[in-house]
Amino acid sequence: MESIARGIRLEGISKVFRHQTKGEVWAVREVSLTVAPGEFVTLLGPSGCGKTTALRMIAGFEQPSAGRVFFGEQDVTALMANQRNIGFVFQNYALFPHLPIFENVAYGLRVRKESEAEITRAVREVMALVGLAGYERQFSNQLSGGEQQRVALARAIVIRPQVLLLDEPLSNLDAKLRVHMRAEIRRLQETLHITTVYVTHDQEEAMALADRIAVMEGGRIVQVGTAEDLYARPANAFVAQFIGRTNLLPARVRGTDASGVEVECNGRPLRLPRDSGPATAGQAVRLAVRPETIELVRAEGGRDDGEVVSRVFLGEKVEYLVRWGELTLHVIAYSPIQRGVLAPGERVGIRLTLDGTRILPGEAS
Ligand SMILES: Nc1ncnc2c1ncn2[C@@H]1O[C@H](COP(=O)(O)OP(=O)(O)OP(=O)(O)O)[C@@H](O)[C@H]1O
Ligand SMILES: [Mg+2]
């Protein structure tokens, strides 16, 4: 089954809802995004940040207040959802309980008035593709959550959409099934080479699935990149804290030159690489330091030693809280059996990995 992959281009789309009590609600603000043909992009962000609204505008279920939506070179902004050739998977699957699975999957083909022979062929093909061959005559209330999810996927792809859109499709499943199904979705997406936008608030899901992640906050896209880009070079404190965990340490820029940035953090001078983030002399900044990039060494009696406050042993790693002057650091140390476990109350030297430290604007975002 081949598909005609077309990319998606969002040009400054916004959505304003008029709310009875809250007045104008900007659910989505000037979002621009390009998804390459066959690419898998997730929209990731906390509840209420505008993910569903953005996805519904791509689908055509919602008309943008401003901006335009393109599929390939075609401007589809004015087209209704049923004219856009999209597959959409809803959070609650939205299956038809009174119809057998075969008819649930066949629905989009019947709307298109395909022949009976073609419908039978196409439904069989996608049922096999999602691992549900033989379930054609069942009803949705006879299926498990994971099976219903597969039916919803089969129904979305049977029409050979140009674009596949999924809104938190795994949120009703238990943790183990979620991990299994996300691998299935990725496999299917790669097999069909279908341009996909996938909405989730789960950072791990986004990192496991997507070619690129668009992080949303307050209706805007704040950063787009691969999981590695976002983790290693978060654009702001929100991204740094939303993708993985991070320490945000107040610091001041003392000076910059061609080769590096001199900052002071907790009374200690640090020299960071020039590309650690935007910095001008005198500026208050925050340093984003990942817990696993901080190394604790047995105390050497240095003035700026820290003290272990607490530890949680988790087998492959130990999580420490360490008081360092006025600051409390969250530190993760791997392979504790081999490297030893520190005890609460122990004095420790603190080594920051300088090329793992990012400079972020100082003000709270
Ligand atoms: N039809 C509507 N009328 C008024 N306000 C709306 C409407 N739909 C969404 N909103 C508001 O727009 C904002 C974004 O909603 P949206 O559903 O896009 O968020 P979301 O990121 O999908 O959240 P969640 O993760 O909880 O599903 C919210 O503040 C919401 O209350
Ligand atoms: Mg939503």
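Colleague: How many residues does helix 3 have, and what span is expected for it at 1.5 Å a residue?

Modeller: In this predicted model, helix 3 runs over residues 116-129 and has 14 residues, and the 20 Å from its first C-alpha to its last is close to the 20 Å expected at 1.5 Å a residue. The expected span is 1.5 Å times one less than the number of residues.

Colleague: What makes Ile119 count as buried?

Modeller: Ile119 has its place in helix 3, and the cut-off for buried is under 20% relative accessible area. Ile119 has 0% relative accessibility and therefore counts as buried.

Colleague: Which residues of helix 3 are buried, and why are they said to be on the same side of helix 3?

Modeller: The buried residues in helix 3 are Ile119, Ala122, Val123, Val126 and Met127. They cover an arc of only 130 degrees around the axis, and therefore they lie on the same side of helix 3. An α-helix has 3.6 residues a turn, so residues three or four places apart point the same way. On the other side of helix 3, Ala117 and Arg124 are exposed, a word that requires over 50% relative accessible area.

Colleague: Why is Thr196 called buried, and what does its side chain reach?

Modeller: Thr196 belongs to strand 8, residues 195-200, and because its relative accessibility is 0%, Thr196 counts as buried. The side chain of Thr196 reaches the backbone oxygen of Ile194 at 2.9 Å, to be set against a limit of 3.5 Å for a polar contact.

Colleague: Which element gives the most to the shell around ligand 1?

Modeller: Helix 1 does, with three residues, whereas strand 1 (8-19), strand 2 (23-35) and helix 1 (51-59) each supply at least two. By class, the shell has five nonpolar, six polar and two charged residues.

Note on methods: Residues are numbered from 1 along each chain as its sequence is written. Chains are lettered from A and ligands numbered from 1 in the order in which they are written. This is a predicted model: local features need pLDDT of at least 70, side-chain atom pairs count only at pLDDT 80 or more; totals for chains, interfaces and linings use all residues. Side-chain values use heavy atoms; hydrogens and water are left out. Helices (H or I, at least four residues) and strands (E, at least two) are DSSP runs, numbered from the N terminus. Ala, Val, Leu, Ile, Met, Phe, Trp, Tyr, Cys and Pro count as nonpolar, Asp, Glu, Lys and Arg as charged, and the others, Gly among them, as polar. Buried means under 20% relative accessible area, exposed over 50%, partly exposed in between (1.4 Å probe, protein chains only). The arc is that of the directions from the helix axis to the C-beta atoms. A polar contact is a pair of N or O atoms within 3.5 Å; within protein, one must be able to donate a hydrogen and the other to accept it, and residues adjacent in sequence count only if both atoms are side-chain atoms.
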